[in-house]
Amino acid sequence: MQPASLKNKRRLLIFFIVVCVCAVALTFRIGQYQILQSEELSKMALEQQTQDIPLAASRGVIYDCNGVELAISAPTNTIWVRPGEVKAADTEEESQYKIATTAQALSELLDMSYEDVYAVLTRERALVRLAKYVDKDTADAIREASLPGISIADDVKRYYPLGAFASHILGSTTDDNQGLAGIEARYDKYLSGTAGRWIKQADVTGDRLYFGQEKYYEAENGLNVVLTIDSVIQHYLEKSIQNVQESTQAKRVMCIVMDPKTGDVLAMGMTPDYDPNDPRTPLDPEAAEYVKSLSSEEQLTYWNEKMWRNPMVSDVYEPGSTFKLLTTAIALEEGATSMSEKFKCTGYYTIARQTLKCWRYYNPHGEETMVQAVENSCNPVFIQLSQRLGVETMYNYFDLFGLTEKTGIDYPGEGGNLLINQANVGPVELATIAYGQGIAVTPISMLTAVCSFGNDGMLMQPRLVKALTDENGDIVQTFEPVQVRQVVSSQTAADIRTIMESVVSEGGGGTVKIAGYHVGGKTGTANKVVNGTYSDEAVYSSFVGMAPMDDPQVAVLMVVDEPQGVQYGSQTAAPGVKTILEETLLYMNIPPSYSEEEKKALEDTMTEVPDVTGENFSDAIGILGGKNLTYTVSPALTDVNEDFVVVDQYPKAGEKVQKDSTVYLYRE
């Protein structure tokens with residue numbers, strides 16, 4: 001039997017050996033953690049302890065040219081969750097209870113489903129965003145609830161105080177305040193600013209670690225954008241196109257107002273529009289329900305093509321007779337004709353063994369001067385001009401007018417014009433192009449070209465933005481008007497202005513006549529291409545106008561897409577252009593200068609009936625409109641767009657009648 005002391009020594013030895021083995025094992029484990037895995041574990045600890053809270057930058061304001069706020073960043077709140085703090089408890093039951101009660105409270109306050117909130121609260125992340133764009137009252141209620149693991153950060157939301165106003169200019173933003181369309185997208189890098197960050201190290205409950213670091217990077221707000229748009233003129237435009245939409249029941253109505261001397265776009269709009277505060281919901285209730293029924297992919301297509309797309313910049317249309325102004329200018333500039341040259345319209349013109357008709361082939365215009373040919377929109381005259389000029393000369397001037405390139409307007413998604421390849425243009429193709437068919441242009445390109453006549457032949461680059469400013473209102477960058485090139489001489493430009501004024505004062509553009517002002521313009525009607533062929537029913541009806549013609553300050557192009565009923569530009573687009581011009585000229589403090597005849601007409605409630613016997617119907621109604629008279633056709637038309645020669649009228653020419661009286665137009 002061993003002595004007790006020997007047994008104790010053996011026990012101590014075994015204990016010592018066990019302690020040594022454990023110490024060696026612990027040393028190896030500590031070494032593994034501190035040496036071999038130190039970088040990985042340090043990284044994990046840093047990720048768990050670090051909270052990186054983004055601080056949104058305030059997006060710059062978009063102003064009109066007079067400082068009216070069109071797009072602002074409204075203060076709002078974002079709700080953040082620290083899941084570790086929410087579920088921190090002594091027992092699993094207590095943890096589940098905290099999560100459930102917190103989820104229930106938040107779902108009620110934020111009007112979210114309990115399941116969605118619960119899913120966020122139980123995520124395995126240090127910090128999670130629960131909700132954006134929370135209003136002040138809701139945020140205050142959440143603060144008062146003192147819910148564990150919930151924090152509220154200041155945020156900003158894009159807001160358009162005037163709703164759908166100028167929506168196709170402004171565009172909209174995404175939920176993350178990034179430009180989605182329009183000016184918001186084009187100038188996003190200036191407007192968006194630089195987001196800030198709040199980086200801090202905290203424990204599982206969100207309390208700052210004693211040894212932790214904290215860094216605060218302040219957000220840098222975006223720059224403000226100052227537009228060339230005048231909100232007053234924009235209001236005139238939107239009111240006018242809405243009236244035209246209602247009176248014509250057209251598919252859509254598009255309009256641009258421009259300063260011909262600077263290229264500044266003063267207003268731009270179309271129907272239907274949309275509210276950028278809710279850019280994915282059409283304003284029309286039926287359209288809104290339709291969009292809800294679409295798949296996600298179909299909805300995206302609808303939003304891009306039907307709502308956010310700006311066809312005045314991105315899409316093309318056939319200009320029809322408004323293009324004759326350009327053909328006339330080319331011919332005058334090249335000396336291929338003169339203002340007084342006389343032509344003879346026989347109703348038809350044969351070229352390359354193909355007979356092309358004048359639109360009034362049933363009642364030819366007969367002898368007419370160059371000015372009258374434009375007034376009458378006589379196609380045979382422009383066919384002859386195209387023959388004299390030739391393909392090369394015509395296309396050289398298309399280059400000068402900017403038709404073979406984009407205008408360069410500061411707006412995303414500008415479309416290019418569609419011209420037949422010069423090598424493929426024969427005599428017939430050139431003839432139809434000369435009177436505005438077989439060529440497709442964007443509205444902005446067409447108006448820019450016409451504006452050169454109001455600027456002594458100098459083509460300007462259209463622009464929508466004139467300056468960038470900081471949050472103090474100080475100018476950071478300006479965008480000056482850009483002269484592109486001299487297209488025609490000042491004399492030719494003056495001749496075209498004379499012709500445009502004659503169309504309004506003597507021709508079918510009388511609907512746009514404004515007492516006290518020299519107004520010029522040109523109507524246009526062109527059949528639309530549907531499924532690869534020209535439609536007999538669907539047309540683009542348009543009018544381009546300018547005033548005052550002795551010193552042009554404003555130009556307007558209105559395009560009515562598929563008007564129902566009467567389709568003549570003098571009755572669809574022209575009245576809308578007149579309204580815009582009349583109100584804009586007064587707003588711009590351009591005083592009227594009345595002739596004695598105009599003064600008498602304004603004071604008199606009576607008007608003299610003009611002689612429209614022998615005129616074609618489409619011209620007659622324009623002439624009557626210029627005298628504040630309406631019309632009725634007898635016998636009644638079965639097709640409201642049927643053209644005919646007026647064989648008689650009542651009251652007779654020269655008679656005095658009340659303004660807004662009806663003149664009966666008789667046909668065979």
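In the protein, 71% of the contacts with a separation of 6 or more are between residues 24 or more positions apart, a contact being heavy atoms within 4.5 Å. The model is predicted: local features need pLDDT of at least 70, side-chain atom pairs count only at pLDDT 80 or more, and totals for chains, interfaces and linings use all residues. Residues are numbered from 1 along each chain as its sequence is written, and side-chain values use heavy atoms, with hydrogens and water left out.

**Fold and dimensions**
- The protein contains 22 helices and 26 strands, taken as DSSP runs numbered from the N terminus (helices: H or I, at least four residues; strands: E, at least two).
- The C-alpha trace spans about 150 × 55 × 50 Å along its principal axes.
- The radius of gyration is 36 Å, whereas a compact globule of 668 residues would have one near 26 Å (taken over C-alpha atoms; the globule rule is 2.2 Å times the number of residues to the power 0.38).

**Surface and charge**
- Of the 668 residues, 50% count as buried (under 20% relative accessible area, 1.4 Å probe, protein chains only).
- The mean positions of the 55 positive and 91 negative charges are 8 Å apart; Lys and Arg count as positive and Asp and Glu as negative, without His and the chain ends, each placed at NZ of Lys, CZ of Arg, CG of Asp or CD of Glu.

**Residue E85**
- E85 lies in helix α3, residues 83-87.
- E85 is buried, its relative accessible area being 16%.
- A polar atom of the E85 side chain lies 3.3 Å from the backbone nitrogen of G149.

Key: A polar contact is a pair of N or O atoms within 3.5 Å; within protein, one must be able to donate a hydrogen and the other to accept it, and residues adjacent in sequence count only if both atoms are side-chain atoms.
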